[in-house]
Amino acid sequence: MFDYTFQWRQAYRALPQMLDGALVTLQIAVLSMVIGVTIAVILAVARNSHSRWLYWPATAWVEVARNTPALFQIYMAHFGLGSFGIYLSPYVALLAGITFNNAGYLCETFRGALRAIPDTQVRAGRSLGMGQAKAFRLIVLPQMLRIAFLPTTNQMVWAILMTSLGVTVGMSTDLTGVTQDLNSRTFRTFELFALAAVLYYAIAKAVMLGARLLAWRLFRY
């Protein structure tokens, strides 16, 4: 049972391939966050709207994104849409699923940040001659993003970890996909996945550290 012989050298030789996979993982996570933040801002405004035509579709998005597994969302993007003749590659399906999930969670983060900004600031902007959209863009949006900045970095880490689900729809170029491929050829399961876990940990910690440094640089008084 315990006669397993570790062969770390074989895992270290695969490190360049795994680092390439880590770059793809990071690429998907960053893209999903950029698109997700854009959609989340729109959803947050819609959720705060008095129009039911805006409120209910946004609420439906948030409810589905937050209360169903991310794996289900990725499956629906890849296999579900395929049932209707819309075929997405594993890369696009993974990106779409994670973006959908990110937008749902970030919407609620941004909605909370919006409620922390007094309405009097918008009214002050309107009294200076700004339109509703300009007052939102110049007064509300910067403050909302500032309040939500650190919680948003948590979602970024979650997005990085969610990319590992791509292997279930045939994704083979991200970190988990590359590791799975190497494992099928070498059978060094423990060493390879332990190394992958270390890379995921290092990426997540680097993102958190970078976010804190950026917040200190941008938001210090």
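Predicted model: local features only at pLDDT ≥ 70, side-chain atom pairs only at ≥ 80, totals over all residues.

Trainee: At roughly what angle do the axes of helix α6 and helix α7 cross?

Mentor: The axes of α6 (residues 119–127) and α7 (residues 132–147) cross at roughly 140° and come within 9 Å. Only angles over 145 degrees count as roughly antiparallel, and α6 and α7 are therefore oblique to each other.

Trainee: Which residues in α6 meet which residues in α7?

Mentor: From α6, Q121, V122, G125 and R126 meet Q132, A135, I139, V140 and Q143 of α7. By class, the residues of this contact are four nonpolar, four polar and one charged.

Trainee: How do the axes of helix α2 and helix α5 cross?

Mentor: Helix α2 (residues 15–47) and helix α5 (residues 90–115) have axes that cross at roughly 45° and come within 6 Å. The pair α2 and α5 is therefore oblique, and its crossing is right-handed. The contact of α2 with α5 comprises 21 nonpolar, five polar and three charged residues.

Trainee: Where does UniProt place the feature "transmembrane region"?

Mentor: The unreviewed UniProt entry places it at residues 22–46, 147–172 and 192–215. In the model, residues 192–215 are 100% helix, with end C-alpha atoms 35 Å apart. Residues 147–172 are 58% helix and 0% strand, and their end C-alpha atoms lie 37 Å apart.

Notes. Residues numbered from 1 in each chain as written. Heavy atoms only, no water. UniProt positions renumbered as here; feature names shortened; annotations may be inferred. Helix = DSSP H or I, 4+ residues; strand = E, 2+ residues; numbered from the N terminus. Axes fitted to C-alpha atoms, helices over the stretch in contact; angles between N-to-C directions. Parallel < 35°, antiparallel > 145°, perpendicular 65-115°, else oblique. Left-handed = near helix turned anticlockwise from the far one by under 90°. Nonpolar A, V, L, I, M, F, W, Y, C, P; charged D, E, K, R; others polar. Contact = heavy atoms within 4.5 Å.
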